[in-house]
Amino acid sequence: MKTHHKNLILAVALAALTSACATVAPAQLVGVRDSFAAASAGLPGKLTPSALYDAKQVLDQANKEFETRGDTTTCRDYAYIAQNKVELAEVMAGTEQDRETIIDLARAGAVASNAQPGSLLSSAESR
Amino acid sequence: MTNQLLFSLAVALLGFTGCASLQLPRDQIEHFDTSVRSAKEMGALSLPTTKEHHGALGMPAAKAHLELAKDQAEVAKTMAAAGDSRAVLFLARAQSEADLAVGLARQAAMHSRALQATDDQKSAIAFETRRSR
């Protein structure tokens, strides 16, 4: 009887452990969720929302894969792509910020003393 | 006898299709090749390492992402040849690396222009200050 109980407890413990392991998201997915949240609250959220939206689409696929199938290679692949897309949104936000700096300076006429006035503004706006 | 032959043929056909290679979408490969070319043209391979952007083994970030992109695309092609359905997703990984390399190269160019514009402004202010004295 005692052995039977022990076996039952062991089985329940093993089942609990298995289900606990199954619900732990892979580090890549946790990392990209955090990166996305930080980027949304930061500069990319203001300057490059469409790039951030692209990242969100892939992050959603990673989350969906994890919910339905668990920690699969597909889930990790999606998380990897999403991470790169979040980084791209951050890089693009930096580019946008520099572009705005150039435009502001050119508008203020600060670079007008250059040989080609307005060239910086037009080249920045055309990009 | 005929039935046996047909059965053998069917089994052989099934085996053949099971091992058949997978075709990567042509438009995605072309898009990838274009991105790699753009990154190279924008100087992704010759950008210096900066404090903000540095890749693996001290490599400049843009170069590191471009190298990763090329490696992953090769892996995707090998996977496709072996009929591995994960090949398409692996090509998407490679594409995300190439996009990042292009983005970093573009950012470096824009950042250097912004620094130049700021320097120009400082020079202009200094010149005006001297002239007004």
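Student: At what angle do α3(B) and α4(B) pack, and how far apart are their axes?

Tutor: Two packed helices are described by the angle between their axes and by the distance between those axes. In this predicted model, α3(B) and α4(B) pack at an angle of about 160 degrees, and their axes are 8 Å apart. An angle over 145 degrees counts as roughly antiparallel, and α3(B) and α4(B) are therefore roughly antiparallel to each other. The crossing in which α3(B) passes α4(B) is left-handed.

Student: Which residues of α3(B) and α4(B) make the contact?

Tutor: On the side of α3(B), the contributors include Ala62(B), His65(B), Leu66(B), Ala69(B) and Met79(B). On the side of α4(B), they include Phe90(B), Leu91(B), Ala98(B), Ala101(B) and Leu104(B). By kind, the residues of this contact between α3(B) and α4(B) divide into 19 nonpolar, two polar and two charged.

Student: Are α2(B) and α4(B) roughly parallel or antiparallel to each other?

Tutor: The axes of α2(B) and α4(B) cross at roughly 25 degrees and come within 9 Å. Angles under 35 degrees count as roughly parallel, and α2(B) and α4(B) are therefore roughly parallel to each other. α2(B) passes α4(B) in a left-handed crossing. Among the residues that make the contact are Phe32(B), Val36(B) and Ala39(B) of α2(B), with Leu91(B), Ala98(B) and Ala105(B) of α4(B). Nine residues of the contact of α2(B) with α4(B) are nonpolar, five are polar and one is charged.

Student: How do α2(A) and α5(A) pack in chain A?

Tutor: The axes of α2(A) and α5(A) are 9 Å apart, with an angle of about 25 degrees. By the rule for parallel helices, α2(A) and α5(A) are therefore roughly parallel to each other. Here too the crossing, that of α2(A) past α5(A), is left-handed. Residues of α2(A) including Leu29(A), Val32(A) and Phe36(A) meet residues of α5(A) including Ala79(A), Tyr80(A) and Val86(A). The residues of this contact of α2(A) with α5(A) comprise 10 nonpolar, four polar and two charged.

Student: What is the secondary structure of chain A as a whole?

Tutor: Chain A has six helices and zero strands. Of its 127 residues, 33% are buried.

Student: Which residues have the most contacts inside the largest nonpolar core?

Tutor: They are Ala82(A), Ala39(B), Ala101(B) and Ala105(B), in a core of 51 residues. Helices of both chains each supply at least two residues of this core: α2 (27-41), α4 (49-69) and α5 of chain A, together with α2 (26-41), α3 (61-81) and α4 (87-132) of chain B. Beyond its neighbours within four places in sequence, Ala101(B) is in contact with Ala39(B), Ala44(B), Ala62(B), His65(B), Leu66(B) and Ala69(B). There is also a second, separate core of six residues, which includes Ile102(A), Leu105(A), Ala106(A) and Ala117(B).

Student: Why does Ala109(B) count as partly exposed?

Tutor: A residue counts as buried if 20 or more other C-beta atoms lie within 10 Å of its own, and as exposed if there are 12 or fewer. Ala109(B) counts as partly exposed because it has 16 C-beta neighbours inside 10 Å. Ala109(B) lies in helix α4 of chain B. Its C-alpha atom is separated by 9.5 Å from that of Leu47(B), 62 residues apart along the chain.

Student: Where is Ile29(B) found, and how many C-beta neighbours does Ile29(B) have inside 10 Å?

Tutor: Ile29(B) is found in helix α2 of chain B. With 18 C-beta neighbours inside 10 Å, Ile29(B) also counts as partly exposed. The C-alpha atoms of Ile29(B) and Lys70(B) are separated by 11 Å, and the two residues are 41 residues apart along the chain.

Terms used: Residues numbered from 1 in each chain as written. Chains lettered and ligands numbered in written order. Predicted model: local features only at pLDDT ≥ 70, side-chain atom pairs only at ≥ 80, totals over all residues. Helix = DSSP H or I, 4+ residues; strand = E, 2+ residues; numbered from the N terminus. Core = buried A, V, L, I, M, F, W, Y, C linked by C-beta atoms within 7 Å. Contact = placed C-beta atoms within 7 Å. Axes fitted to C-alpha atoms, helices over the stretch in contact; angles between N-to-C directions. Parallel < 35°, antiparallel > 145°, perpendicular 65-115°, else oblique. Left-handed = near helix turned anticlockwise from the far one by under 90°. Nonpolar A, V, L, I, M, F, W, Y, C, P; charged D, E, K, R; others polar.
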